[in-house]
Amino acid sequence: MIIRRDVFQAIADPTRRQIIDLLAHEPLNVNAIAEQFDVSRQAVSVHVKILAECGLLVIRREGRERYCEAQLHKLSEVASWAAQYKKFWEGRFGALDRYLNTVKTKKSTNGKGTKPR
């Protein structure tokens with residue numbers, strides 16, 4: 001069975017998002033990443049592997065150490081996806097705002113000159 005991985009799968013997990021945050025500042029080896037979490041080094045290695053398969057980080061060897069380096073350009077897929085929904089919802093909220101202003105204007109216009117009940 002072939003597992004298809006994409007950037008959305010990578011950011012779906014909070015631990016993987018935290019790893020991306022760590023690596024956004026500097027490349028770290030797997031042990032340094034694992035020290036930041038209350039899970040086993042093996043569990044962190046699985047997250048690192050998934051992030052690498054999704055293209056959000058690269059692993060390079062320096063001697064016996066494996067350093068992970070963030071490749072954040074892949075996050076532009078997420079930004080593009082979110083931007084279309086941002087535009088959609090801004091349009092919807094704009095329409096709602098115009099409608100509410102119309103109702104408010106009609107209500108204040110109709111209310112002029114009438115006695116309060």
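The side chains of Arg 60 and Glu 69 meet in a salt bridge with an N to O distance of 3.3 Å, a salt bridge being a side-chain nitrogen of Lys or Arg within 4 Å of a carboxyl oxygen of Asp or Glu. Arg 60 is partly exposed because its relative accessibility is 32%, and Glu 69 is likewise assigned to the partly exposed class, with 29%; here buried means under 20% relative accessible area, exposed means over 50%, and partly exposed lies in between, with a 1.4 Å probe and protein chains only. The structure is a predicted model, in which local features need pLDDT of at least 70 and side-chain atom pairs count only at pLDDT 80 or more, while totals for chains, interfaces and linings use all residues. Residues are numbered from 1 along each chain as its sequence is written, and side-chain values use heavy atoms, with hydrogens and water left out.

Strand 2 (residues 57-62) and strand 3 (residues 65-70) pair in the antiparallel sense over 6 bridges, where pairing requires that DSSP finds at least two bridges between two strands. Helices (H or I, at least four residues) and strands (E, at least two) are DSSP runs, numbered from the N terminus. Within this pairing, Arg 61 has Arg 66 of strand 3 as its bridge partner. The hairpin formed by strand 2 and strand 3 has 2 residues between the strands, and Gly 63 takes a positive phi near 65° there.

The protein chain has 5 helices and 3 strands, and along the sequence they follow the pattern α-α-β-α-α-β-β-α. Its C-alpha trace spans about 85 × 30 × 30 Å along the principal axes. The radius of gyration is 25 Å, whereas a compact globule of 117 residues would have a value near 13 Å; the radius is taken over C-alpha atoms, and the globule rule is 2.2 Å times the number of residues to the power 0.38. Of the 117 residues, 22% count as buried. The accessible surface comes to about 9100 Å², of which 54% belongs to carbon and sulfur atoms, with areas taken from the Shrake-Rupley method with a 1.4 Å probe and, for residues, only the protein chains shown counting as cover. Among contacts with a separation of 6 or more, 49% join residues 24 or more positions apart, contact meaning heavy atoms within 4.5 Å.

Which residues does His 47 touch, not counting residues up to four places away in sequence? They are Asp 13, Thr 15, Arg 16 and Ile 19. His 47 lies in helix 4 (residues 41-53) and is buried, with a relative accessible area of 15%. Thr 15, placed in helix 2 (residues 14-25), is also in the buried class, with a relative accessible area of 18%. Leaving aside neighbours within four places in sequence, Thr 15 is in contact with Phe 37 and His 47.

In one of them the side chains of Arg 5 and Glu 53 meet at 2.2 Å, N to O. Arg 5 lies in the segment before helix 1 (7-11) and Glu 53 in helix 4, so the pair ties together parts that are 48 residues apart in sequence. Arg 5 is partly exposed, with a relative accessible area of 24%, and Glu 53 is partly exposed at 41% relative accessibility. Another salt bridge links Lys 74 with Glu 77, their closest N and O atoms being 3.1 Å apart. Lys 74 is partly exposed at 27% relative accessibility, as is Glu 77 at 37%. Salt bridges that share partners join Arg 5, Lys 49 and Glu 53 into one network.

A nonpolar surface patch of about 960 Å² is made by Trp 81, Tyr 85, Phe 88, Trp 89, Phe 93, Leu 96, Tyr 99, Leu 100 and Val 103. Patches are made of residues with over 30% relative accessible area and no salt bridge, with like charges joined within 9 Å and nonpolar side chains (Val, Leu, Ile, Met, Phe, Trp, Tyr) within 5 Å. Of these residues, Phe 88 is found in helix 5 (residues 76-111) and counts as partly exposed at 36% relative accessibility.
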